[in-house]
Amino acid sequence: MARVVKRKDERILPRLADEFEQLAAQLNSRSPITMEIGKFTQACRLVSPLIRHLGVAMKFADIEYSAKVNGIEKAGKLVNTLEDLLDREIQQNTMKDQSSASRSLVRVKRSLEMLKIIFEQTLASSGNSIMDAVNTAYKQVFYAYHGWAMRKAVAGALYTLPTKSLFLKRLKLDEASAFVLMQRTVTALAPLIRYIDNLFHSRESAQELLRLI
């Protein structure tokens with residue numbers, strides 16, 4: 001099973017951009033498209049350090065996200081690809097179970113959507129705050145699926161976010177280098193998110209999951 005190998009002093013954002021670009025290249029190739037679970041979760045795990053760099057108040061988001069990646073990785077012990085994952089749970093009628101890997105995949109996809117929007121908003125902003133970028137991403141992706149208590153918790157966490165300059169310092173990058181890497185990641189995530197959406201839309205019994213939490 002593919003795992004992230006921790007390398008000394010390696011900055012996380014270049015690794016993240018590289019990993020997602022490799023997945024995007026696979027999806028953009030002419031060969032039949034399948035996505036190995038090991039490669040997918042290996043790339044997705046690199047999002048967790050970014051979440052942690054947003055501060056202690058975002059720890060709950062990292063715990064939730066990591067648990068969903070773990071759920072997909074666990075399914076990888078039984079099947080090799082994301083396609084097989086969905087088909088197996090459809091056949092077993094377990095897709096809508098709260099702990100299903102299919103549900104985990106939906107939530108990981110939403111987290112990737114949120115990351116993409118945060119980066120897009122950060123690239124478009126000239127200020128030193130990332131609060132608006134994170135808030136915009138949250139409202140576009142997760143807000144509709146959360147109850148009052150979670151929305152309130154997120155609203156409170158927004159005020160603890162680091163400034164953009166501090167966030168980049170934690171990433172050990174200057175603004176110019178970080179923005180290039182963010183744009184690379186945004187570009188790579190677009191076909192991956194579209195691919196996951198298509199996995200669900202192409203399976204009638206799976207489409208409903210995209211409307212659930």
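**Loops, rings and a lysine**

Analyst: Let's start with N93: at 67% relative accessibility, this residue counts as exposed, because the cut-off for exposed is over 50%. Keep in mind that this is a predicted model.

User: OK, and where does N93 sit?
Analyst: N93 is in the loop between α5 (82-92) and α6. Its phi is near 60°, a positive value in a residue other than glycine.

User: What about K172, which loop is that in?
Analyst: K172 is found in the loop between α9 (164-170) and α10 (175-201). The phi of K172 is near 60°, again positive in a residue that isn't glycine. K172 has a relative accessible area of 55%, so it is exposed.

User: Switching topic: how many aromatic pairs are there?
Analyst: The count comes to one aromatic pair. The ring centres of Y138 and Y143 are 6.1 Å apart and their planes are at 85°, so the pair is edge-to-face.

User: Why does that angle make it edge-to-face?
Analyst: Because planes over 60 degrees apart count as edge-to-face, and the planes of Y138 and Y143 are at 85°.

User: Is Y138 buried or exposed?
Analyst: Y138 counts as buried, at 4% relative accessibility.

User: What lies over the face of Y143?
Analyst: That's R151, at 3.8 Å from the ring centre. There's also R110, which lies over the face of Y145 at 3.7 Å from the ring centre.

User: Now K116. Buried or exposed?
Analyst: Buried: the relative accessible area of K116 is 19%, and the cut-off for buried is under 20%. K116 is in helix α6 (residues 101-124).

User: What does K116 touch?
Analyst: Leaving out residues up to four places away in sequence, K116 touches V186, L189, A190 and I193. The side chains of K116 and E120 are also joined by a polar contact of 2.7 Å.

User: What does UniProt place at residues 36-172?
Analyst: The UniProt record, an unreviewed entry, has the feature "domain: Glycolipid transfer protein" there. In the model, residues 36-172 are 69% helix and 0% strand, and the end C-alpha atoms lie 31 Å apart.

User: Last one: what pLDDT does the chain average?
Analyst: The chain averages a pLDDT of 91, and 94% of the residues score at least 70. Over residues 1-9, though, the pLDDT is below 50.

Conventions
Residues are numbered from 1 along each chain as its sequence is written. This is a predicted model: local features need pLDDT of at least 70, side-chain atom pairs count only at pLDDT 80 or more; totals for chains, interfaces and linings use all residues. Side-chain values use heavy atoms; hydrogens and water are left out. UniProt positions are given in the numbering used here, feature names are shortened, and annotations may be inferred rather than shown by experiment. Helices (H or I, at least four residues) and strands (E, at least two) are DSSP runs, numbered from the N terminus. pLDDT is the predictor's confidence in each residue, from 0 to 100. Contact means heavy atoms within 4.5 Å. Rings of Phe, Tyr and Trp (its six-membered ring) pair if their centres lie within 6.5 Å; planes under 30 degrees apart count as stacked, over 60 as edge-to-face and the rest as tilted. Buried means under 20% relative accessible area, exposed over 50%, partly exposed in between (1.4 Å probe, protein chains only). A charge sits over a ring if NZ of Lys or CZ of Arg is within 6 Å of the ring centre and within 35 degrees of the ring normal. A polar contact is a pair of N or O atoms within 3.5 Å; within protein, one must be able to donate a hydrogen and the other to accept it, and residues adjacent in sequence count only if both atoms are side-chain atoms.
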